[in-house]
Amino acid sequence: MTDSAQAATWPDAGFSATDHAHMAHALRLAARGRYTTRPNPMVGCVLAHGERVVGDGYHVRAGEPHAEVHALRAAGDAARGATAYVTLEPCAHTGRTGPCANALIDAGVSRVVAAMRDPFPQVDGAGFDRLRAAGIAVESGLLEAQARALNAGYLSRLVRGRPWVRVKLAMSLDGRTALASGESKWITGAAARADVQRWRACAGAIVTGSGTVLADDPAMTVRLDGVDVAPPLRVVLDAGLATVHRGRVREGGSPTLYVHAPDVKPPRGLDAQLAAAPVHGGRFDLQAVLAMLAARDINEVLVEAGATLAGGFLAAGLVDELVLYIAPVLLGARARPLFDGLDIDTMAERLQLELVETRTFGADLRLTLRPRAT
């Protein structure tokens, strides 16, 4: 294979090492908005003349200036003739802020390199078209896989019509999540439990079931001292609204939504968000629940629930990522399993998972897994 043919097969072929370095910088900047930008995507922008960075910025919070505006303000007049490296196609519409494509045009940048196109209907190529019409060179696709991974939830909501679903569970070495009595505090140590707070902070919604509320009385809040976090919506799947008058899930500053069966009449004077979702055979239609959350602009869902609800999401093929904490303890045969309701009878039916990451937190092991495509 010739050098030129080999280069064409490499990811992001056609971009220079300097282009790669600046886009990697922009992606790191974008990730700083992980806890605050929702429902907007995380976006970073770097303005550079060759290797020299003249301005950079990232989108901090929905309703506030986008990444390009922060970078242009930092660069000032030096933006003229610069290359703008943006992790997502610049917007071309007026929402709570003005079009970033126009801002780049007005600043006189000569080239825009984007990691990926924005599937948001009011953008979706229109930003690129506007830039090209103004005589600006536009290239796309640099570090696209990394940009997609960063905004997996945003893309899931727009493209699939449902949030990215992450199921978090803690288990013993023998695959148990709680004693037969339901007692589960604490299987894992303090370091692992602190790590869970970061997953909560990433989520637009934390979903649990009424059984977990009754058994564990979770607060389902984010506890990260000194970190700016947009509080996630706490969602309780409670067909008969048996838990609406009890539990810590109603306390604190985070909003709470109770999802109930369509034929259940909420009690009068209830000060809580309520929504009905279809129930079939005594179980919620989880696809409908996720579509409802997507309509509320939820990008990422963290499921923190017992074996029945966690198994329901997995059996329905709705789990995108499994975060599994494994503690070096044994709970015995009478303890509760990791999942219920999978109904696997043969090896051919087994659910195969891909191991994405392994990390340790104190004495505990964290596995990040994703269902393997079949």
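A charge is taken to sit over a ring if NZ of Lys or CZ of Arg is within 6 Å of the ring centre and within 35 degrees of the ring normal. In this predicted model, local features need pLDDT of at least 70 and side-chain atom pairs count only at pLDDT 80 or more, while totals for chains, interfaces and linings use all residues. Residues are numbered from 1 along each chain as its sequence is written, and side-chain values use heavy atoms, with hydrogens and water left out.

The charged end of R193 sits over the ring of W186, at 4.4 Å from the ring centre.

Helices (H or I, at least four residues) and strands (E, at least two) are DSSP runs, numbered from the N terminus. Residues are called buried under 20% relative accessible area, exposed over 50% and partly exposed in between (1.4 Å probe, protein chains only). Helix α11, residues 307–315, is mostly covered, with seven of its nine residues buried. These are A307, L309, A310, G311, G312, F313 and L314. Contact means heavy atoms within 4.5 Å. The cover over the buried residues of α11 includes the helix α10 (286–295) and the strands β6 (164–171), β8 (205–209), β9 (233–237), β14 (300–303) and β16 (336–337). G317, which follows α11, has a positive phi near 70°.

Side chains of opposite charge can pair when their charged atoms come close. With a salt bridge defined as a side-chain nitrogen of Lys or Arg within 4 Å of a carboxyl oxygen of Asp or Glu, the count comes to 18. One of them joins D19 and R111 (3.1 Å, N to O). D19 lies in helix α2 (residues 17–31) and R111 in strand β4 (residues 111–114), so this pair ties together parts that are 92 residues apart in sequence. Both D19 and R111 are buried.

A salt bridge also forms between E64 and R61 (3.6 Å, N to O). E64 counts as partly exposed because its relative accessibility is 33%, and R61 counts as partly exposed at 26%.

D217 and R248 meet in a salt bridge at 3.9 Å, N to O. This pair links distant parts of the chain, 31 residues apart: D217 is in the loop between α9 (210–216) and β9, and R248 in the loop between β9 and β10 (256–260). D217 is partly exposed at 29% relative accessibility, and R248 is partly exposed with a relative accessible area of 36%.
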